[in-house]
Amino acid sequence: MNAPARDVTLTLGMALAVMFGGCHGEPAVVPPASVAVQSPQHVMVKRSQMLMGTLAFVTAGAPNEQIAQEAAGAGLAEIRRLEELLSTWIPTSDLSRANAEAGRAGVAVSVETLDLLTVSLEIARLTEGAFNVVIGPAVEAWGFPEHPRLPQQARLNTIRPLVDLSQLEVNEEAGTVYLRREGMRVDVGGIGKGFAADMAADVMRQAGATSGVIAISGDIKTFGRMPDGERFLFGIQHPRVEGELLGRLELEDEAVSTAGDYQRYFVQDGVRYHHILDPVTLVPARFCQSVTVVAKDGVWADGLDTGIFVMGPERGMALVERLPDVEAVMVDQAGRVVVSSGLKSRLVLLEVPE
Ligand code: AMP
Ligand code: MG
């Protein structure tokens, strides 16, 4: 996943950008169907690269093409930089080093890693433990993402002490992270992409972009508007009908993130087992098919979608209604769509063919 891969550049004009999280872990960003004329004052450049185990798309709008290109390049470079700090597939990353020292010592990590883990703990608190960045050993027991399989209950029982979040020590003053038990692992798979999208947006703005979209799999962050002054338009993937949209939503200076049971899963004896685990039972959370969260920042949208997915529509929606600037649309296990109060007037639900 580290190999620098294809870097596609295309220049976009005024167009409808419909984007949505894809199936089976693949990103699905639907490029504009037609590329219309560019506004002379606003050029949009779109680039993509394999980053964080998926195809990341960055779109930068700027007064001229050179600035747009530079901003898009800076956005991709920022995602790569964060991947090197956060990926547990990279042995030298902050998190890999912390994991290697689990049960032995705290390790010094970057400010970015400390910030991300601090927000992760805050989201864990708000979701009453449903969001858990030390769930890694359980995800591994289920073999996600590479070799998914049903684990033995005995194995899950031995793992339980390793997913105890109270044993993760994030010391902002000392700048260290310490996993108190050997075998524990911190893994930001449920929140890191949203965080990276926020940071990429910041560097793109600093590079002169006046608008932009960063899409890392189902985690999307936007700033500004399209060249024609319209807001960016997003489609939410239907959790059961591949390639169909559940609804459409306009965004401005917001992030959107979707957690779904259709992204990584296997079916055994008619039961769907997916990659979002309930930290209490250590089995896939069963209340939702998908949860899409809209928030100001990607890190919140991404962390909350995973946590709320585990909490389920009732407790999850109650939390969304309590949090300022957070909205959500959920599809429960029966396929019913639940929309938060602040999103009702904004979300356009679409007819889906049976
Ligand atoms: P997302 O697509 O944002 O919902 O993230 C899914 C990923 O988060 C999974 O592939 C796991 O690596 C990780 N994960 C699974 N269950 C949890 C959980 N309860 N809390 C935090 N992260 C989780
Ligand atoms: Mg998430």
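Select the magnesium ion (ligand 2) to begin: the angles among its 6 donor atoms run from 64 to 174°, and the site is irregular. Donors here are N, O and S atoms within 2.8 Å of the metal (3.2 Å for Na, K and Ca); water is not among the atoms, so sites may look incomplete. Four donors are called tetrahedral if all angles lie between 85 and 135 degrees; four are square planar and six octahedral if opposite donors are over 155 degrees apart and all others between 65 and 115; anything else is irregular. For reference, ideal octahedral angles are 90 or 180 degrees.

This is a predicted model, in which local features need pLDDT of at least 70 and side-chain atom pairs count only at pLDDT 80 or more, while totals for chains, interfaces and linings use all residues. Residues are numbered from 1 along each chain as its sequence is written, chains are lettered from A and ligands numbered from 1 in the order in which they are written, and side-chain values use heavy atoms, with hydrogens and water left out.

Next, show the coordinating atoms: Gly190 (O), Asp302 (O), Asp302 (OD), Asp305 (OD) and Thr306 (OG1), at 2.1 to 2.4 Å from the ion. Along the chain, the donors have the spacing G-x111-D-x2-D-T.

Now select helix α7, residues 298-311. Helices (H or I, at least four residues) and strands (E, at least two) are DSSP runs, numbered from the N terminus. Aspartate 302 and aspartate 305 are about one helical turn apart because they lie 3 residues apart in α7. Buried or exposed: which applies to aspartate 302? Aspartate 302 is buried, at 3% relative accessibility, and aspartate 305 is buried at 1%. Buried means under 20% relative accessible area, exposed over 50%, partly exposed in between (1.4 Å probe, protein chains only).

A polar side-chain atom of aspartate 302 is 2.9 Å from an oxygen atom of ligand 1, and one of threonine 306 is 2.8 Å from an oxygen atom of ligand 1. For leucine 277, a backbone N or O atom lies 2.8 Å from a nitrogen atom of ligand 1. On its own, ligand 1 has 500 Å² of accessible area (Shrake-Rupley method, 1.4 Å probe), of which the protein covers 92%.

Finally, select the open antiparallel sheet, with 3 strands in the order β11-β12-β19. Strands pair if DSSP finds at least two bridges between them. β11 and β12 (residues 245-251) pair over 6 bridges.

Methods
Polar contact = N/O pair within 3.5 Å; in protein donor to acceptor, adjacent residues only side chain to side chain.
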